[in-house]
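Subject: A structure for you to look at

Hello,

Here is the structure I promised to pass on. Please open it and keep it beside you while you read my notes.

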Amino acid sequence: MISYQQFCDAVTNNGFPRPSRAQFDGFIRAVDYAGINSKREAAMFLAQLIHESGGLQYKEEQAYKNASSDPYSSSLDRPGKRYYGRGYIQLTWAQNYRNASKDIYGNDKLLDNPDLVASDEDVAFITAGWYWKTNVGSIPGVKNGRFGESTRAINGTLECNGQNEDKSRKRFEYYRTVFNVFGCSGTPNECGCYN
């Protein structure tokens, strides 16, 4: 459905470095895992990954990686482990690490070792696919091509209620570029977040 060259062009045309073949392979596996079966939805997914990871350059939430306090602490935390954002869709909170781990691996692997989501390319992508499948892809507006609905599902509390609109608009700019590179039919629809 999507070639390596299209994937690379989608990232570089948005102003980021050329991704590796391993990243492309991880993206394709995540698309399959998430049940994404249209170029339009794959374009939405990649645009969100580009935004969440600085163009596939970062797999750790920079603001909290070395922070002295942990805004994501909970009673599920394993001793000595922190559950700040990791992966290409920034997975946060121990409960999300546990749920993703149970669904993907059938065990607590990611709860026990959350660093895998940032250190292992395949895990970074498959957890993004899990998040999409669980929290984004099933939303009717997303299936109907409303990009803003995917933003609302990922970060709506911070971007879709009147604040940080510039960030959600930037997500849509990434999407418009990916949409065109992937050769999707129709017109990109930004509705569902700030409009």
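Let's start with Trp130, which is buried at a relative accessible area of 2%. Please keep in mind that this is a predicted model. Tyr131 counts as buried too, at 14% relative accessibility.

How are the rings of Trp130 and Tyr131 arranged? Their planes meet at 65° and their centres are 6.3 Å apart, so this pair is edge-to-face. In general, two numbers describe a pair of aromatic rings: the distance of the centres and the angle of the planes.

Now have a look at helix α11, where Phe172 and Tyr175 sit three residues apart, about one turn of the helix. Their rings form a tilted pair, with 6.0 Å from centre to centre and 55° between the planes. Phe172 is buried at 3% relative accessibility, and Tyr175 is buried at 0%.

Across the whole structure, a search finds 14 aromatic pairs.

Some rings have a charged residue over the face. Arg86 is placed this way over Tyr84, 3.8 Å from the ring centre, and Lys109 over Tyr105, at 4.1 Å.

Finally, the loops. Leu56, between α3 and α4, has a positive phi near 65° although it is not a glycine. Asn164, between α10 and α11, also has a positive phi, near 55°. Is each of them buried or exposed? Leu56 is buried, at 6%, whereas Asn164 is partly exposed, at 32%.

Enjoy exploring!

Note on methods: Residues numbered from 1 in each chain as written. Predicted model: local features only at pLDDT ≥ 70, side-chain atom pairs only at ≥ 80, totals over all residues. Heavy atoms only, no water. Helix = DSSP H or I, 4+ residues; strand = E, 2+ residues; numbered from the N terminus. Buried < 20%, exposed > 50% of the residue type's maximum accessible area, 1.4 Å probe, protein only. Phe/Tyr/Trp six-rings, centres within 6.5 Å; stacked < 30°, edge-to-face > 60°. Lys NZ or Arg CZ within 6 Å of the ring centre and 35° of its normal.
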